[in-house]
Structures are given as structure tokens and as C-alpha cells.
Amino acid sequence: IAVAAARRVGDQLRLAAALTDLGKAHNRIDDGASATNLLTLAHQIYRDHGDRLGQANVLAELSIGQIGIGNYQDAHDQLNQALMFYHELDNRLGQAHTLTLHACIWQVTGDSARAIDAATHALSLYRDLDNPQGQVGALNFLGRARALNKDYAEAETVLNHALDLSRGIGH
């Protein structure tokens with residue numbers, strides 16, 4: 001409905017937002033092909049309108065689909081582009097989210113050192129932003145990366161902190 005309404009009134013940026021939301025929904029139900037098509041259209045509209053925040057958000061969402069199918073290099077490339085926009089815009093929340101996604105990829109691919117670095121940087125940003133939910137995500141990836149690195153005592157400490165923090169926000 002939102003896509004049709006935006007098309008009807010000719011509002012391209014609302015169309016891009018609706019396409020992004022629809023693409024996110026398709027990512028969540030593991031319909032990567034549809035998600036990629038919708039998000040690529042949204043990215044093109046944002047690029048045509050010079051909306052760097054819209055581009056960054058779509059690139060981060062596109063990377064989630066790439067992670068889901070194991071296409072890690074494309075996901076890293078999209079995240080690096082998104083991170084560049086977020087830095088230019090001084091959007092620390094976007095930076096933290098992007099770094100958390102990088103940590104996810106590096107943890108999955110066995111690069112514990114890079115996963116630890118990205119998760120630690122994301123955690124610092126989330127703390128500065130007083131974002132406990134983001135902190136939980138970063139701590140989870142940090143703990144898993146520590147375990148991958150066979151630093152089990154530190155992994156347990158980090159994951160217990162994530163659990164305590166998660167309980168504190170009602171999860």
C-alpha cells in the first residue's frame with residue numbers, strides 16, 4: 001500500500017522508504033532475491049536524490065541479505081560503503097550497527113581478531129550513545145569471537161555481561 005501511495009503522488013523519497021521497508025521484510029522471511037531487488041531500487045532512488053543516509057541504510061540492509069546467503073565479500077563491500085557515508089554524516093549509531101555486522105561476518109568466517117576489533121569499536125559507540133540493546137548485540141559477537149579465539153574465560157565474562165544487560169532491558 002505504501003509503495004502504491006508513494007507512486008501515486010510521485011514522492012520518490014517516500015517510495016524509496018517504502019521499498020526499503022518492504023525489502024527489510026523480505027530479508028526477514030529469507031526471500032533474498034525479492035529483498036535485493038527492492039533494496040536495489042530504493043538505493044538507486046536515494047543515490048539519484050543525493051540522500052547519503054538513505055543510501056547507507058539500504059547498503060547495510062543489503063549486506064544482511066548477502067550475509068544470509070554466505071556472500072561475505074559483497075556484504076563487506078556494502079558495509080564499507082555504508083560506513084563511509086555514516087562517517088561523513090557523523091552518524092555514530094549507523095557506524096555502530098555497521099561495525100556489528102562486520103563483526104558478525106568476521107566471527108562467522110573465523111577471523112576472531114577482526115571480529116573482536118569491530119565488536120569492541122561498536123560496543124564503545126553503543127555505550128557512548130547509551131544504547132543498551134546495541135551493546136547486547138556487540139557483546140554477543142565479542143563473546144563469540146573470544147570463544148573462537150579460545151579465550152573462554154573472557155568469552156564467559158563478556159557473554160554474562162550481555163545476558164545481564166539484556167535482562168535489564170526486559171529481554
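A residue counts as buried under 20% relative accessible area, as exposed over 50%, and as partly exposed in between, with a 1.4 Å probe and protein chains only. By that rule Thr100, at 10% relative accessibility, is buried. The model is predicted, so to speak of local features requires pLDDT of at least 70, and side-chain atom pairs count only at pLDDT 80 or more, while totals for chains, interfaces and linings use all residues. Residues are numbered from 1 along each chain as its sequence is written, and side-chain values use heavy atoms, with hydrogens and water left out.

The protein chain holds nine helices and zero strands. Helices (H or I, at least four residues) and strands (E, at least two) are DSSP runs, numbered from the N terminus. In sequence order the pattern is α-α-α-α-α-α-α-α-α. Along the principal axes, the C-alpha atoms fill a box of roughly 60 × 30 × 30 Å. Of the 171 residues, 42% are buried. Contact means heavy atoms within 4.5 Å. Among contacts between residues at least 6 apart in sequence, 48% join residues at least 24 apart.

Two helix pairs show how the chain packs. Axes here are lines fitted to C-alpha atoms, for helices over the stretch in contact, and angles run from 0 to 180 degrees between N-to-C directions. Angles under 35 degrees count as roughly parallel, over 145 as roughly antiparallel, 65 to 115 as roughly perpendicular, and the rest as oblique. The crossing of H2 past H3 is left-handed, a term for a near helix turned anticlockwise from the far one by less than a right angle, with right-handed used if clockwise. On the H2 side the contact includes Leu13, Leu15, Ala16, Leu19 and Leu22, and on the H3 side it includes Leu38, Leu41, Ala42 and Ile45. The residues of this contact divide into 13 nonpolar, six polar and one charged. In this scheme Ala, Val, Leu, Ile, Met, Phe, Trp, Tyr, Cys and Pro count as nonpolar, Asp, Glu, Lys and Arg as charged, and the others, Gly among them, as polar.

The other pair is helix H7 (residues 112–128) with helix H8 (residues 132–148), packed at an angle of about 160° with axes 8 Å apart. H7 and H8 are thus roughly antiparallel to each other. H7 passes H8 in a left-handed crossing. Among the residues in this contact are Ala115, Ile116, Ala119, Leu123 and Arg127 of H7, and Gln135, Ala138, Leu142 and Arg146 of H8. By class, the contact has 12 nonpolar, four polar and two charged residues.

Thr100, the residue of the opening, lies in helix H6. Not counting residues up to four places away in sequence, Thr100 touches Ala122, Tyr126, Gly137, Ala138 and Phe141. Ala122 and Tyr126 also belong to the H7 side of the contact with H8, and Ala138 and Phe141 to the H8 side.

Two further buried residues can be followed in the same way. Ala162 is found in helix H9 (residues 152–168) and is buried, with a relative accessible area of 2%. Its contacts, leaving aside neighbours within four places in sequence, are Val136, Leu139 and Asn140. Ala162 and Pro132 are 30 residues apart in sequence, and 9.3 Å apart C-alpha to C-alpha. Phe85 is found in helix H5 (residues 72–88) and counts as buried at 11% relative accessibility. With neighbours within four places set aside, Phe85 is in contact with Arg52, Gln55, Ala56 and Leu59. The C-alpha atoms of Phe85 and Asp51, 34 residues apart along the chain, are separated by 9.9 Å.

Two loop residues remain. Asp90 sits in the loop between H5 and helix H6 (92–108); its phi is positive, about 55°, although Asp90 is not a glycine. Asp90 is exposed, with a relative accessible area of 58%. Lys150 sits in the loop between H8 and H9, and phi of Lys150 is near 65°, a positive value in a residue other than glycine. Lys150 counts as exposed, at 61% relative accessibility.
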